[in-house]
Amino acid sequence: QVQLVESGGGLVQAGDSLRLSCVVSGRTVSSYAMGWFRQAPGKEREFVAGISWSRWSGGTPYYADSVKGRLTISSDNAKNTVYLQMNSLKAEDTAVFYCAAKTTAGNIKDASAYDYWGQGTQVTVSS
């Protein structure tokens, strides 16, 4: 059984940094693709960042335009963990952040393409 457990959220001030972690069990993190999504109150869940692996590449990152340059997705395959480094946080980044795993083909930015989800971790940025 695949399980994803996020951690690292919290309350920070605008301009601060946070690093979210997602520990994966039940599958190898690099077996296909992983993603980070967020959902703010009253809004739909949206793609933030993703990373995919193939026999030809060692992990290709993807980002939403709104976070490029501020957020970085990475992985430690030995720890079976995916990270989301968030710098220069803004009040509009406030949301529950979810880690997700994708095992089949499909748009990495599409939440419906993911098979497994974590429980989420709250990130609150005060202005």
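Among contacts (heavy atoms within 4.5 Å) in the protein chain between residues at least 6 apart in sequence, 56% join residues at least 24 apart. Please keep in mind that this is a predicted model, where local features need pLDDT of at least 70, side-chain atom pairs count only at pLDDT 80 or more, and totals for chains, interfaces and linings use all residues. Residues are numbered from 1 along each chain as its sequence is written, and side-chain values use heavy atoms, leaving out hydrogens and water.

**Fold and overall shape**
- The protein chain has 11 strands and 0 helices, counted as DSSP runs numbered from the N terminus (strands: E, at least two residues; helices: H or I, at least four).
- The radius of gyration of the protein chain, taken over C-alpha atoms, is 14 Å, close to the 14 Å that the globule rule gives for 127 residues, so the chain is as compact as a globular protein of that length.
- That rule is 2.2 Å times the number of residues to the power 0.38.
- Along the principal axes, the C-alpha atoms fill a box of roughly 45 × 25 × 25 Å.

**Burial**
- Of the 127 residues, 43% count as buried, meaning under 20% relative accessible area with a 1.4 Å probe, protein chains only.

**A look at Ser21**
- You will find Ser21 in strand β3, which covers residues 18-25.
- Ser21 is buried, with a relative accessible area of 13%.
- Leaving aside neighbours within four places in sequence, Ser21 is in contact with Val5, Glu6, Ser7, Trp36, Thr81, Val82 and Tyr83.

Notes
Buried < 20%, exposed > 50% of the residue type's maximum accessible area, 1.4 Å probe, protein only.
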